[in-house]
Amino acid sequence: MSTDRRFAAFSKDALPPRMNTLPQGGMCISAFLVISKKGEPGNVLMGRINKNSEWDHIGAIPKKKLEGFASGWMLPSSRLMLFETPEGAVRRKLREQLGIKNQALGGPLTFSETSGASNHWDLGFIFTGEREASPSNDAWDELKFVDVAKLTRDEIVRSQLDVLTYAGKLVVK
């Protein structure tokens with residue numbers, strides 16, 4: 001199944017409404033969940049994605065990129081859909097990626113950054129929370145609280161090292 005959702009990832013071939021130009025490398029607008037284990041703020045809910053799940057639909061990850069993301073740890077996250085609020089996007093992630101209906105959240109913390117020689121722009125919204133136990137969802141091969149202080153840079157996928165740092169959760173080795 002290929003998704004019919006239109007995510008907020010823009011390029012010179014896919015301009016957002018009312019814009020004439022974009023940075024050469026494009027621009028993405030994303031939301032991230034940084035949920036800690038209750039009483040253990042250094043343990044963050046992360047997963048290893050199930051390559052057979054519909055990540056193009058629930059996480060805006062094209063099938064051709066899934067292989068590269070399957071081996072590392074990833075936060076529940078996705079680009080926003082066009083005209084979706086950051087709060088709406090994070091509630092969608094709670095439902096679709098975690099199977100959670102009710103979760104108290106703080107935020108958003110916001111960030112913007114540029115990267116690469118092509119000058120790609122990212123605008124991100126980070127929502128934080130706490131839980132007693134890890135949820136279960138078929139979108140992940142493994143989903144658990146991970147002690148982020150023990151992770152190396154190479155174990156974190158999809159450039160989410162910065163997200164953990166912005167949320168005050170990571171000291172990089």
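Colleague: How many helices and strands are there in the protein?

Modeller: This is a predicted model, in which local features need pLDDT of at least 70, side-chain atom pairs count only at pLDDT 80 or more, and totals for chains, interfaces and linings use all residues. Residues are numbered from 1 along each chain as its sequence is written, and side-chain values use heavy atoms, with hydrogens and water left out. Helices (H or I, at least four residues) and strands (E, at least two) are DSSP runs, numbered from the N terminus. Along the sequence they follow β-β-β-α-α-β-α-β-β-β-α, and the protein has 4 helices and 7 strands.

Colleague: Which residues touch the most other members of the largest nonpolar core?

Modeller: A nonpolar core is a set of buried (under 20% relative accessible area, 1.4 Å probe, protein chains only) Ala, Val, Leu, Ile, Met, Phe, Trp, Tyr and Cys residues joined through side-chain atoms within 4.5 Å. The largest such core has 26 residues, and those touching the most other members are Leu33, Ile35, Ile49, Trp55, Met74, Leu98 and Trp140.

Colleague: What share of the residues of the protein count as buried?

Modeller: The protein has 173 residues. Of these, the share that count as buried is 47%.

Colleague: Among contacts between residues at least 6 apart in sequence, what share join residues at least 24 apart?

Modeller: Contact means heavy atoms within 4.5 Å. Trp140, for example, touches Ile49, Trp55 and Met74, among others. For the protein, the share joining residues at least 24 apart, among contacts between residues at least 6 apart, is 67%.

Note on methods:
Buried means under 20% relative accessible area, exposed over 50%, partly exposed in between (1.4 Å probe, protein chains only). Lists of a residue's contacts leave out its neighbours within four places in sequence.
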